[in-house]
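Reader: I'd like to learn how to read a model like this one, feature by feature. Can we work through it together?

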Amino acid sequence: MKKSITNIRTDRWRLKAGREELKALGLTVDVYRAYVRALTGVVSVHWDVISDAPSQCAAIEKLIHRTKKNPDPKYSYFDKKFFKFPSYLRRAAIEAAVGQVSSFDTRYWSWQGGDRKRRDARPPKFTPDAGVYPVLYRGQCVKFHDDFKQAEIKIWNGKDWIWITARIAGLRKRHIAPENKQLSPILVVRGNKAHLSVPFDIPRRCLLLERNKVCGVDLGLNTAATAAIVCSDGTVTARRFIDRAADIDRRDKRLKKISGKARLTMGRKGKLGRGFCLGLYRKAGNINREMARRVAGEIVRFALEQRAPVIAFEQLEGWRPRGGRKRSTLRQRFHGWMHRQVVKLVTEMFTEKGGAVSFVCPENTSKLAFDGSGYVLRDAKNYALATFKTGKRYNADLNAAYNIGARYWYSKLAGGNGRETTPDKSFRIVPRMRVVLSTLWDYHRAVEHEAATTAASA
């Protein structure tokens, strides 16, 4: 029987508890980390035996935990030091320790085999002080009430393991859907705040979308995103401009304050102290993250409204901007560009809804006119406008969105990748044809003409 494809998504449920309960939650995380840290030493010493054991958990428990059948474990330290440590937390700690040792072992032997970024690269270090958090097995370490407004959690208060009740705030809707399978949550405590990180196994939905549509998206600096629905025959059925101008102004205002304070603090030459304008940087980063979430949500909503099963972006992973002088506002805005963040969020949201995300060649998507007239001329005063060689004035971002959608369809229909290439005599890859929207029109005209000729000859 074929298994259905699923996605793992995690919700964050905030816990509201008193001062003593929060302190106990922090102690629980501390004692769990101490247990894992001590356990990694045992696992690393006996790794040759443990790695080949049919049950790694059982092999490790035999070394550290005393039972009637195992009255004299090799390491009695664990039962003495960690009083009445819950069995399910112990098994979660074992899995965490095995993961750390296995990861180090893989990386170390990969380094020994010569897999190094540099010739003088040093071997990986084994770090047992990892910031792990306890996994709470449902029914054993955590119990949820029927309305999911409260949770009973087993914690260490410094003397004994007890149950406390904490109120849950900030619920989302993933726990309501009956087809979503709730997995074991993780207790996360940072400072005076605590929350449960609750993963869900979500089956991928098969939406009844129109298979001949794609949503081409161009991400820009002025307009956050420009989306266009392009059909397989080159017809554009919908367009949308997603603009977060107010958020961009709020972010740039704070960045402008930082540059002004830096100029007053150090002059033209000098160094800024550690933590300089930390609050302003934090606020600007928060605005950027929230803006990325909202832009990604609007892109996904637009694609679903238009029943497009695929969202296409430019493949810009690893790309670094070259525009703008050093310390210029354009360079600063490029640093605040959230392209990868938006792409990541759209991928997570849209795949959960049953869609797919694709990438095309980014070369000249904005520079080439979608009607095939050649390179465009950008307006000097308004860079968002472009003038075609035919004299037509058009939005540059919308032109790019058309070309992105066209390159996706051309790669599917004609087997290209948005830029057909061929090696020359020096074995360099040189462009032979750059795909735009009009290329898709020409391709369909050629297919229709060939079909008509075949039918006439028959």
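Reader: Does D442 count as buried, partly exposed or exposed?

Author: Start with the scale: buried means under 20% relative accessible area, exposed means over 50%, and partly exposed is in between (1.4 Å probe, protein chains only). The areas behind it come from the Shrake-Rupley method with a 1.4 Å probe, and for residues only the protein chains shown count as cover. D442 has 42% relative accessibility, so it counts as partly exposed. Before we go on, this is a predicted model: local features need pLDDT of at least 70, side-chain atom pairs count only at pLDDT 80 or more, and totals for chains, interfaces and linings use all residues. Residues are numbered from 1 along each chain as its sequence is written, and side-chain values use heavy atoms, with hydrogens and water left out.

Reader: Which residue does the side chain of D442 meet in a salt bridge?

Author: General idea: side chains of opposite charge can pair when their charged atoms come close. Here a salt bridge is a side-chain nitrogen of Lys or Arg within 4 Å of a carboxyl oxygen of Asp or Glu. By that rule D442 pairs with R445, at 2.4 Å from N to O. Both sit in helix α11, and because they are 3 residues apart, about one helical turn separates them. Salt bridges that share partners also make a network elsewhere, joining R9, D11, R172, R174 and E352.

Reader: How many salt bridges does the structure hold?

Author: There are 18. One of them is between D129 and R37, 3.4 Å from N to O. That pair links distant parts of the chain, 92 residues apart: D129 is in the loop between α5 (87–112) and β2, while R37 is in helix α1 (residues 19–45). As for the names, helices (H or I, at least four residues) and strands (E, at least two) are DSSP runs, numbered from the N terminus. On our accessibility scale, D129 counts as exposed at 58%, and R37 as partly exposed at 39%.

Reader: And which residue forms a salt bridge with R393?

Author: That's D379, with the closest N and O atoms 3.2 Å apart. R393 lies in strand β15 (residues 393–395) and D379 in the loop between β13 and β14 (385–387), so this bridge ties together parts 14 residues apart in sequence. R393 is partly exposed, with a relative accessible area of 48%.

Reader: Which residues gather in a patch of positive charge on the surface?

Author: Lys and Arg count as positive and Asp and Glu as negative, while His and the chain ends are not counted. A charge is placed at NZ of Lys, CZ of Arg, CG of Asp or CD of Glu. In this model, R12, R14, K16, R167, R190 and K193 make up the positive patch. Strand β1 (residues 6–16) gives the most to it, with 3 residues. R14 is found in that strand, and its 45% relative accessibility makes it partly exposed.

Reader: Now the inside. What is T226 in contact with?

Author: Contact means heavy atoms within 4.5 Å. Leaving aside neighbours within four places in sequence, T226 contacts G216, V217, D218, R240, F241, D397, L398 and A401. T226 is found in strand β9 (residues 225–231) and is buried, with a relative accessible area of 0%. Another buried residue is S438, at 8%. S438 lies in helix α11 (residues 437–457) and touches F370, D371 and G372, again not counting residues up to four places away in sequence.

Reader: Where does F148 lie, and what about N364?

Author: F148 is in the loop between β2 (142–144) and β3 (150–156), and N364 is in the loop between β12 (356–360) and β13 (377–378). Look at the backbone: phi is near 60° for F148, a positive value in a residue other than glycine. For N364, also a non-glycine residue, phi is positive too, near 65°. F148 counts as buried at 15% relative accessibility, and N364 counts as buried at 13%.

Reader: How many helices and strands does the protein chain have?

Author: It comes to 11 helices and 17 strands. Of its 458 residues, 40% are buried. Among contacts between residues at least 6 apart in sequence, 65% join residues at least 24 apart.

Terms used
Patch = residues over 30% accessible without salt bridge, like charges linked within 9 Å, V, L, I, M, F, W, Y side chains within 5 Å.
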